[in-house]
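I opened the notebook today to look up a few residues, one at a time. Here is the model I was working from.

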Amino acid sequence: MLQKDAKIPEQPTGPREPLLRVEGLVKHFPIRKGLFQRQAGAVKAVDGIDFEVYPGETLGVVGESGCGKSTMGRLITRLIEPTGGKVEFEGRDITHLSMGQMRPMRRDVQMIFQDPYSSLNPRHTIGTIVSAPFRLQKVEPEGGLKNHVQELLSLVGLSPEHYNRYPHEFSGGQRQRIGIARALALRPKLVVADEPVSALDVSIQAQVVNLLDDLQSELGLTYVIIAHDLSVIRHVSDRIAVMYLGKVVELADRKSLYSAPMHPYTKALMSAVPVPDPRRRGLKSERILLKGDVPSPISPPSGCRFHTRCWKATDICKTQEPPLLTLGTGHQVACHHPENAPDQAPGQQVLAEAPDSPQDGPKE
Ligand SMILES: Nc1ncnc2c1ncn2[C@@H]1O[C@H](COP(=O)(O)OP(=O)(O)O)[C@@H](O)[C@H]1O
Ligand code: SF4
Ligand SMILES: [Mg+2]
């Protein structure tokens, strides 16, 4: 896959207004036990995150499985109710809008799901599926619904003749195109795509990623693309947020993140990705193995949540949570001892090695 270079959004010349702003966003899923279903704890799936998404850009969100990426996606599209924090869309607080109040907003914010098999109703024709958003919003497109849906099918690389067919007649890649057509039907401003290609064959992934890219330029879309795969994220993103156990641990533009990652977790994730460019292959020989799995979000580690797996952890990491600070131009990182930068907590003794020797690579 080629990298995305052509359409990096213009650098801010004045204060840009974000399309989406998230402040202190929290989602705790209660764990209920016993006869009276008393709350016995909570899964801290998203635990206080802040970020902004600007018009026309793609924010990539990456992290191992279980880090809270999908929950974050469902929160910002308001498919689930946040436990705390704030979601603003075009400057409007949408955090606690009811289903009815959200209805007009649904035109502007759409989601593409991971699984192109379960996300399409097998009993409905493609025409019915792609025209559903028009019926729900009671919108009659110019030139008639059928024509419009057939145009949408062409836009995503399918044939207008597919209108009367059923999902089982299509391959995974084609089904994802149908899902994309449905998401784009009402010309949304923001599209949140949760692992849009991870259920597809590798050979098909690039086609769908390129389609998303083309549609973005053509329709002026803004994307939040969630993936555990760093090579997909690298291809599609202008800026990237790295999530770990419900937190954003690093947020930067693609170039600075890939050329000088600051968070040890980001560095470890990247070191596990093969370098596609043969000229650069020799330069990235250092491979960092992450030990173990992501700890449970029910009782995340104290201090820095990554300290149980970090080879740079010191005492302060176990007790004090590092805040997300801006260290370079727009490069934010939450770490006491960031890579490629002076320590946030100078004078701390860096452990020579982590308590156990690293064994496992990153999960995905
Ligand atoms: N509806 C739910 N109820 C309880 N726990 C949930 C629910 N949805 C997600 N979780 C938990 O929240 C954590 C984050 O999940 P998720 O957002 O799906 O992560 P990711 O998409 O990064 O893999 C996981 O531990 C998951 O089991
Ligand atoms: S704060 Fe400490 S434990 Fe956390 S990533 Fe940085 S060095 Fe590692
Ligand atoms: Mg997920």
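The entries below go residue by residue, starting with backbone angles.

**Entry: Gln37**
I noted first that the model is a predicted one. I then looked up Gln37 and found it in the loop between β1 (20-33) and β2 (38-53). Its phi is positive, about 55°, although Gln37 is not a glycine. Is Gln37 buried or exposed? I counted 9 other C-beta atoms within 10 Å, and exposed means 12 or fewer, so Gln37 is exposed.

**Entry: Leu245**
Next I went to Leu245, which sits in the loop between β9 (239-244) and β10 (247-253). Leu245 is not a glycine, yet it has a positive phi of about 45°.

**Entry: Ala334**
My last stop was Ala334, in the segment after β12 (331-333). Ala334 is buried because 24 other C-beta atoms lie within 10 Å. Which residues is Ala334 in contact with, leaving aside its neighbours within four places in sequence? I listed Lys247, Val249, Pro322, Pro323 and Leu324. I followed up on Lys247: it is 87 residues from Ala334 along the chain, and their C-alpha atoms are separated by 9.3 Å.

**Entry: looking back**

Conventions:
Residues are numbered from 1 along each chain as its sequence is written. Chains are lettered from A and ligands numbered from 1 in the order in which they are written. This is a predicted model: local features need pLDDT of at least 70, side-chain atom pairs count only at pLDDT 80 or more; totals for chains, interfaces and linings use all residues. Helices (H or I, at least four residues) and strands (E, at least two) are DSSP runs, numbered from the N terminus. A residue is buried if 20 or more other C-beta atoms lie within 10 Å of its own, exposed if 12 or fewer, and partly exposed in between; C-beta atoms are placed from the backbone. Two residues are in contact if their C-beta atoms, placed from the backbone, lie within 7 Å.
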